[in-house]
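Please look through the structure shown below before reading on.

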Amino acid sequence: MMSFSLLHSPHSLNLNLHPHAHFSQPSPFPMSILRRLTLTLRPHLHHNRHRRTATTCAAVRQDTTLWTPAPLSEVEPAAESLFHIAVDISATPDLVESHTRAGQYLQLRVPDAPKPVFLAIASPPKLASARGAFEFLVKSVKGSTAEALCALKRGDVVELSSVMGNGFDISRIDPPEKFGTVIVFATGSGISPIRSLVESGFGAAQRSDVRLYYGARNLQRMAYQDRFKEWESSGVKIVPVLSQPDDSWSGERGYVQEAFKKVKQISNPLSTGAVLCGQKEMTEEVTSILVADGVSGEKILKNF
């Protein structure tokens, strides 16, 4: 055995060590504390590695978005807390051509806003081709990018992503002669892509029963009332439903799913289709009602 002496000690101590032992600077901390420190640091190091990886991945994803600058051509009130926004895309033919189906959406970025906002395109695809414009119905929510957008003026420049989503696949409820009943449900700003659908045309006049249950808090919050006559002339019956109407309101009250449950009037579930856009609770409840009545889930269209 080999013998070593500890230097700088008031007392001389002899330690018998293994010949292959490595002698290092002694730690000022007891081993029990060191073990606790090691266990505490490891999760933090692991978390930091994951956080760096997640940040890098997020940056890569963000970099893949192609942003196109375009000026605003209209910013007008559409209803209480709702704004009609139009963006001039006449100088970007690729963007014009990418809007092919009602129900599609895109991201919109506003200068100095922390993140983009997702917006369904309210105008029909033919409007982009004819006028070189995208139109949106935007709800102004305090502190959001949407609020910043609604505060801009005509001529201000925003940035648009490419058009996204598959929209409403109307081929699943065609031909009109086979699917005579189509029931449409929309709440709040969810009427935006429904406007695109109605004004694009989906054979409503060739169907026997097309109803639009459109829900809002009150008439002051119901956008597109000036378009109802035009929509009805195309074969769509409008059923406004108000959750908090004033005393003068004589129409449907409550929520769209409740208004529908009262009448239903589905003569043949196998020849019935539906289109839904709005609050998650509404879409889930309406889907359950329709499926329970025998409507195929494949015939219930959503834009997401």
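Predicted model: local features only at pLDDT ≥ 70, side-chain atom pairs only at ≥ 80, totals over all residues.

Helices (H or I, at least four residues) and strands (E, at least two) are DSSP runs numbered from the N terminus, and two strands pair if DSSP finds at least two bridges between them.

Residues are numbered from 1 along each chain as its sequence is written. Local features need pLDDT of at least 70 and side-chain atom pairs count only at pLDDT 80 or more, while totals for chains, interfaces and linings use all residues, and side-chain values use heavy atoms, with hydrogens and water left out.

Within the parallel sheet, strand β9 (residues 181-187) is joined to strand β10 (residues 209-216) by 7 bridges, and Phe 185 stands opposite Tyr 213 in β10. The angles in the table are taken between N-to-C directions and run from 0 to 180 degrees, with axes that are lines fitted to C-alpha atoms, for helices over the stretch in contact (heavy atoms within 4.5 Å).

| α5 (residues 191-200) | β7 | about 145° |

Another open sheet is formed by 6 strands with antiparallel pairing, in the order β6-β5-β8-β3-β4-β7. Its edge strands, β6 (117-120) and β7 (133-139), each pair on one side only, and neighbouring strands of this sheet are turned by 40° against each other on average, direction ignored. Helix α5 packs on this sheet and touches β4, β6 and β7. Strand β4 (residues 82-88) pairs with β7 over 7 bridges, and the partner of Ala 86 in β7 is Glu 135. On β3, Leu 72 stands opposite Val 87 in β4, and the hairpin of β3 and β4 has 2 residues between the strands, with Ser 81 in the turn at a positive phi of about 70°.

Ala 102 lies in the loop between α2 (93-98) and β5 (105-109). Ala 102 counts as buried (under 20% relative accessible area, with a 1.4 Å probe and protein chains only), because its relative accessibility is 6%. Not counting residues up to four places away in sequence, Ala 102 touches several residues, among them Pro 125, Phe 168 and Ser 200. The C-alpha atoms of Ala 102 and Ser 200 are separated by 7.0 Å, although these residues are 98 residues apart along the chain.

How values were computed: Buried < 20%, exposed > 50% of the residue type's maximum accessible area, 1.4 Å probe, protein only.
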